[in-house]
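This briefing is intended for a reader meeting the structure for the first time. Please keep the sequence and the model in view while reading the points below.

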There are 2 protein chains.
Amino acid sequence: MEYIAVMVATQESRDVFAALAEPRRRDLIDALGDGESHAVGELVAALRLPQPTVSKDLGVLREVGIVSVTRRGRHRLYRLEGEPLRQVHDWAKTFERFWGHQLDRVKQQAERMAASETASKEGRSC
Amino acid sequence: MEYIAVMVATQESRDVFAALAEPRRRDLIDALGDGESHAVGELVAALRLPQPTVSKDLGVLREVGIVSVTRRGRHRLYRLEGEPLRQVHDWAKTFERFWGHQLDRVKQQAERMAASETASKEGRSC
DNA sequence: CTGACATATTCCATGAATGGAATATATTGC
DNA sequence: GCAATATATTCCATTCATGGAATATGTCAG
């Protein structure tokens with residue numbers, strides 16, 4: 001009788017979107033939105049949450065690069081980093097034409113035609 | 001001995017950000033990014049995933065309004081809706097000044113000063 | 001060195017999301 | 001009505017995230 005051990009490579013280390021899924025983490029980001037560095041204690045006071053909770057969420061945000069941290073004495077100063085949020089912004093912006101914007105209908109229709117042009121090579125669109 | 005039944009209002013019905021947390025759902029959104037209506041079968045073929053998986057993810061996207069659905073014969077045609085994605089876009093755009101953009105440093109610094117001006121009323125900033 | 005403070009980490013129980021298989025519903029063509 | 005097609009729903013096991021309590025780590029003041 002044999003046993004075969006398989007190393008399962010689960011745990012695809014969270015990405016930016018997943019980090020934003022939790023409302024509390026977005027609150028944290030908002031709190032850092034003034035562009036200043038903030039100590040954990042300040043954020044705890046601002047959000048009125050238990051310190052371990054805040055620390056853990058900051059940890060998640062740091063993992064994906066949304067915040068950076070520097071030590072200063074016995075404090076840790078967290079600061080918002082733009083790049084990862086930019087990714088989210090840019091991705092969403094891709095669909096800009098789906099909310100009217102100021103784009104007049106004519107141009108919008110033209111864009112749709114162009115898009116279905118591309119998609120029609122495999123009979124996939126309606 | 002008494003028992004008190006408490007109705008616990010859990011299940012805060014997923015929001016847009018949570019819906020985007022799953023990469024496969026973003027793939028689905030990308031596939032609908034041509035602005036056309038697509039039947040489930042088309043999406044199944046495009047993403048090469050089991051049909052129930054696709055149906056379930058479309059269900060999540062529909063719950064939060066990212067897609068809408070219309071029936072046409074035995075097909076269900078899904079279409080991307082802009083508004084919810086706009087929310088995401090707008091939220092992210094709030095932090096625009098955190099990625100250099102073209103904004104020169106002087107103006108950026110000025111914005112930071114203005115922001116900390118606001119925050120300094122409770123000794124919260126560093 | 002000691003005590004107080006600031007923050008991070010671990011542990012554990014619980015709840016929620018995921019994946020897959022099976023099955024249900026609805027619609028069309030015959 | 002019946003078979004086939006298109007899609008949704010249910011069920012279940014498993015994984016993953018969360019929340020809270022407790023505890024560990026690191027740093028400063030005296």
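Predicted model: local features only at pLDDT ≥ 70, side-chain atom pairs only at ≥ 80, totals over all residues.

The residues of H4(B) that are buried are Val54(B), Asp57(B), Leu58(B), Gly59(B), Val60(B) and Leu61(B).

**Helix H4 in both chains**

- Helix H4 of chain B covers residues 51-63, and its 13 residues should span 18 Å at 1.5 Å a residue; the end C-alpha atoms are 18 Å apart, which agrees.
- Just after H4(B), Gly65(B) adopts a positive phi of about 85°.
- In chain A, H4(A) likewise has 13 residues and reaches 18 Å from its first C-alpha to its last, close to the 18 Å expected at 1.5 Å a residue.
- The buried residues of H4(A) include Val54(A), Asp57(A) and Leu58(A), and the buried residues of this helix pack against elements of chain A, among them H3 and strand E2 (67-72).

- Most residues other than glycine have a negative phi.
- Arg48(A) is not a glycine, yet its phi is positive, at about 55°.
- Arg48(A) lies in the loop between helix H3 (40-47) and helix H4 (51-63) of chain A, and with a relative accessible area of 74% this residue is exposed.
- Arg48(B) also has a positive phi of about 55° although it is not a glycine.
- The loop between H3 and H4 of chain B holds Arg48(B), which is exposed with a relative accessible area of 75%.

**Overall fold of chain A**

- Chain A contains 6 helices and 3 strands, arranged along the sequence in the pattern α-α-β-α-α-β-β-α-α.
- Of the 126 residues in chain A, 40% are buried.
- Among contacts in chain A between residues at least 6 apart in sequence, 47% join residues at least 24 apart.
- The accessible surface of chain A comes to about 8,100 Å², and carbon and sulfur atoms account for 49% of it.

**Salt bridges within the chains**

- Over all chains, the count comes to 12 salt bridges.
- Arg25(B) forms a salt bridge with Asp57(B), with the closest N and O atoms 3.1 Å apart.
- This pair links distant parts of the chain, since Arg25(B) is in helix H2 of chain B and Asp57(B) is in helix H4 of chain B, 32 residues apart.
- Arg25(B) counts as buried at 7% relative accessibility, and Asp57(B) counts as buried at 7% relative accessibility.
- In chain A, salt bridges that share partners join Arg24(A), Arg25(A) and Asp57(A) into one network.
- The side chains of Glu83(A) and Arg86(A) also meet in a salt bridge (4.0 Å, N to O).
- Glu83(A) and Arg86(A) are separated by about one helical turn because they are 3 residues apart in helix H5 (residues 82-93) of chain A.
- Both members of this pair count as partly exposed: Glu83(A) at 47% relative accessibility and Arg86(A) at 29% relative accessibility.

**Pairing of chain A and chain B**

- A rotation of 180° with 0.0 Å of shift along its axis superposes chain A on chain B, with an RMSD of 0.0 Å.
- This is the relation of a two-fold axis, and in chain A the C-alpha nearest the axis is that of His89(A), 2.6 Å from it.
- In the interface, 41 residues of chain A are in contact with 40 residues of chain B.
- The copies meet through the same surface, because 98% of the interface residues of chain A are also interface residues in chain B.
- Chain A and chain B bury about 3,800 Å² between them, and 64% of this area is on carbon and sulfur atoms.
- There are 2 salt bridges between chain A and chain B.
- One salt bridge joins the side chains of Arg26(B) and Asp15(A) (2.8 Å, N to O).
- Arg26(B) counts as buried at 11% relative accessibility, whereas Asp15(A) counts as partly exposed at 26% relative accessibility.

Notes: Residues numbered from 1 in each chain as written. Chains lettered and ligands numbered in written order. Heavy atoms only, no water. Helix = DSSP H or I, 4+ residues; strand = E, 2+ residues; numbered from the N terminus. Buried < 20%, exposed > 50% of the residue type's maximum accessible area, 1.4 Å probe, protein only. Contact = heavy atoms within 4.5 Å. Areas by Shrake-Rupley, 256 points an atom, 1.4 Å probe, with all protein chains shown as cover. Least-squares fit on C-alpha atoms with pLDDT ≥ 70 in both. Expected span 1.5 Å × (residues − 1). Buried area = accessible area lost by both parts, 1.4 Å probe.
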